[in-house]
Structure formats: structure tokens, C-alpha cells
Amino acid sequence: MLHPAKLSLFVFVLSVPFYKTFAQAKDSIPKEAIKFVADKFPFTRMINTEFRYDAPYDFSARIPGVSQPEGRVTRLYQQRVNANINFIKSPKWVFSTGLFYNYIHAETQGANLQQTESNEHYYAATVTLTRFTKLFGKMALFTATALPSGGENGFERITGMVSGTLVLKANAKTKMTIGLLGLIDPSSQVPAFVTLSYEHKFDNGWIADIILPKRLFMKKDVFSNGRLSLGTELDNTTVYLKGFNRNTSKTYIFSQLETMSGATYEHCIFKGFIATLKTGYKYTPTSRIVAVNKKFTDYVFKATPNGNFYVNLGLSYNP
């Protein structure tokens with residue numbers, strides 16, 4: 001399972017051929033293609049902050065072999081801040097880092113939970129080395145990433161990720177990549193998976209923006225400084241928990257995979273600053289608590305939440 005920092009990095013990896021390789025190879029790429037990707041709504045932004053509110057929802061719970069009474073999340077909101085910084089850039093190498101912070105406030109009822117109100121903090125960083133090269137006569141990039149993370153009790157563990165991405169097509173209207181991504185994380189559900197990205201600009205102004213398995217969107221510029229996006233994307237809520245089990249001092253990980261389906265409106269306030277409004281319906285296929293470095297199947301708590309509506313407000317800066 002990918003947590004927020006890995007999800008962001010995953011999309012960043014697939015975006016690099018579009019946003020960095022183009023900039024570094026201007027002489028060999030049509031000007032129309034460069035203009036297409038250098039728009040005022042880039043996906044990867046230097047600084048981004050967002051606030052998400054989830055409407056109340058019910059859930060069923062289970063510990064291994066034993067069902068629990070139904071519970072209800074009566075209040076849930078998150079405050080996220082992340083930054084992406086490139087330290088070293090050259091035509092063949094990029095050394096970059098990402099910083100991520102998430103504050104979560106949750107109030108629950110029932111399901112025999114130990115507490116009805118919790119305030120959790122999650123920190124993560126990524127250190128990534130990217131190599132640009134040619135493969136089968138096409139542009140390719142390879143990345144290696146170390147990802148330390150922790151919570152309010154400090155550093156907890158370090159995981160990693162490696163990937164290779166091949167740019168199949170890149171012109172003024174269409175961009176397509178294929179790749180393979182491997183996770184160095186004992187708690188991951190799958191050790192590796194194929195990645196695909198496809199972006200196409202239609203004559204009517206709509207843009208298909210697909211990065212699998214992360215997101216599927218249709219986008220269109222509206223008004224003079226706005227963009228509307230309709231579709232679905234994956235998100236994840238992750239925190240480290242101390243004292244979840246009173247019989248042990250182990251650290252546990254709460255990890256919840258979410259699909260967010262709805263509409264996103266972005267508005268360029270002025271150069272570099274973008275305000276964002278997202279709203280829609282959230283579905284949660286998996287929600288579990290496992291001990292650090294244990295397999296995802298070795299859970300100590302499992303929940304099946306009902307769907308609910310959400311609202312997300314954001315502000316980002318990209319010079």
C-alpha cells in the first residue's frame with residue numbers, strides 16, 4: 001500500500017518525463033510540446049498546503065477472527081503540507097527531496113476503540129536520484145528513492161522505491177509512458193507493479209490525464225485563469241500509533257487507502273500561486289492497523305468504512 005508521500009512520489013516519477021525532460025531537451029522537442037506541458041497548472045509544485053474535511057460516516061470493524069460492534073466517525077479533518085525541492089539538476093541527473101506533513105483530528109464512537117478522540121501527526125521525507133538516458137531509441141528515466149518517516153514520537157522506519165519509465169510518445173497533443181515500480185517495504189500489498197500514463201489534448205479543449213494506478217481525469221481550462229477536472233484519484237491516510245495494544249510497546253501503522261471521485265477546480269490567483277477546491281465522494285477499500293514492518297495481511301485491526309462526502313481546500317506555490 002502506498003502512503004501519501006509514496007503516492008506523491010509515484011506521480012512525480014511519471015511526471016518527470018513531461019516536465020523535466022522537456023525542459024532539459026528543448027533543442028530536440030517541438031516548441032508546441034514544450035508550451036503544452038509548461039502551463040500554469042503543473043502537477044508537481046514546490047509548496048502545497050491543503051485542508052480536507054470528511055463528512056461523518058459509519059464503519060464495521062474486525063480484529064483477527066472476531067467481529068466488532070459497528071462504529072461511527074463523527075468528525076474527521078486533515079491538514080497537509082508538502083514541499084518538493086531539486087538540489088542538483090543536469091541534462092542526465094536530478095537529485096531532489098520531498099517533505100510531507102499530515103495532521104489528523106478524528107472523533108469516533110463505538111467499535112471498542114480505546115479512545116474516542118485522537119490527534120495524530122505524520123512526517124515523511126523522500127530523497128530521490130533520477131537518471132535520464134535513452135532506451136530503445138526513446139527517452140527513459142530511472143529513479144531510486146529512500147523514504148524515512150515517523151510520527152509524534154520521532155523517526156519510526158525507512159522504506160524505499162525504485163522505478164524505470166520509458167517515454168513512448170511525446171508531441172504537442174499526446175504524451176504516453178510505461179514503467180515498472182518496485183517497493184522496498186515489508187508492509188506493501190504488492191512488491192512491484194506496472195505503471196502507465198497517458199495525456200491527450202482534444203480539439204474541444206478537454207485533456208485526458210491518466211496515470212495508472214494513481215488517477216484518471218478529464219480536464220479543461222475554464223474562464224481566463226481556471227481549470228476544471230472531473231474524475232477519480234487514489235489517496236491514502238497513514239499514521240504511526242503508540243500504545244494501540246496495551247499488552248505491548250510496539251509501534252503500529254494505521255493505513256487507509258481511499259478513492260476520491262468528484263470535481264476539482266484550480267484557479268491561478270497570480271503568477272505562481274494556485275488555489276484549489278475539491279469535492280466529491282470517498283470510498284475506502286482497505287483500512288487496517290498493522291505492526292511496523294509486518295505484512296499487510298498480519299493486521300491487528302481492520303475496518304470497512306461506508307462511503308462519505310469530502311471537501312478539500314488548497315493553496316500552492318510554484319515559481
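Start with Ser287: leaving out residues up to four places away in sequence, this serine touches Phe254, Ser255, Gln256, Phe301, Lys302, Ala303 and Pro305. Ser287 sits in strand E14, and its relative accessibility of 2% is why it counts as buried. Its side chain also makes a polar contact with the side chain of Gln256, at 2.9 Å.

Keep in mind that this is a predicted model. The mean pLDDT of the protein chain is 85, with 83% of its residues at 70 or more. The part to treat separately is residues 17–38, where the pLDDT is below 50; even so, this stretch has 43 contacts in the model beyond near neighbours in sequence.

**The core**

The largest nonpolar core has 22 residues, and the members that touch the most others are Leu76, Tyr122, Val239, Leu241 and Ile289. As background, nonpolar side chains tend to be buried together in soluble globular proteins.

Neighbours within four places in sequence aside, Leu76 is in contact with Arg52, Tyr53, Asp54, Tyr57, Ile104, His105, Ala106 and Lys282. Charged residues turn up in that list, and Arg52, Asp54 and Lys282 also belong to a network of salt bridges that links them with Arg80, Asp235 and Glu258.

**Salt bridges**

Across the whole structure, a search finds 16 salt bridges. Here are three of them, with their N to O distances.

| Pair | Distance (N to O) |
|---|---|
| Arg45 and Glu266 | 2.5 Å |
| Asp58 and Arg72 | 2.9 Å |
| Arg215 and Asp209 | 2.7 Å |

Take the side chains of Arg45 and Glu266, which meet at 2.5 Å. Arg45 is in the loop between helix H3 (31–37) and strand E1 (47–54), while Glu266 is in strand E13, so the pair ties together parts that are 221 residues apart in sequence. Arg45 counts as buried at 10% relative accessibility, and Glu266 counts as buried at 10% too.

What about the salt bridge between Asp58 and Arg72: which strands does it link? Asp58 is in strand E2 and Arg72 in strand E3, 14 residues apart. Asp58 is partly exposed, with a relative accessible area of 30%, and Arg72 counts as partly exposed at 32%.

**Two hairpins in a row**

Strands E10 (residues 206–212) and E11 (residues 215–222) pair in the antiparallel sense over six bridges. They form a hairpin with two residues between them, and Ile211 has Arg215 in E11 as its bridge partner. Arg215 also meets Asp209 side chain to side chain in a salt bridge. Arg215 counts as buried at 8% relative accessibility, and Asp209 is buried with a relative accessible area of 3%.

E11 pairs with E12 as well, in the antiparallel sense and over eight bridges. The bridge partner of Phe217 in E12 is Gly231. E11 and E12 form a hairpin with three residues between them, and Phe223 in the turn has a positive phi of about 55°. If you are following side chains along these strands, recall that in a regular strand they alternate between the two faces of the sheet.

Conventions. Residues numbered from 1 in each chain as written. Predicted model: local features only at pLDDT ≥ 70, side-chain atom pairs only at ≥ 80, totals over all residues. Heavy atoms only, no water. Core = buried A, V, L, I, M, F, W, Y, C linked by side-chain atoms within 4.5 Å. Buried < 20%, exposed > 50% of the residue type's maximum accessible area, 1.4 Å probe, protein only. Contact = heavy atoms within 4.5 Å. Pairing = 2+ DSSP bridges. Helix = DSSP H or I, 4+ residues; strand = E, 2+ residues; numbered from the N terminus. Polar contact = N/O pair within 3.5 Å; in protein donor to acceptor, adjacent residues only side chain to side chain. pLDDT = per-residue confidence, 0-100. Salt bridge = Lys/Arg side-chain N within 4 Å of Asp/Glu carboxyl O.
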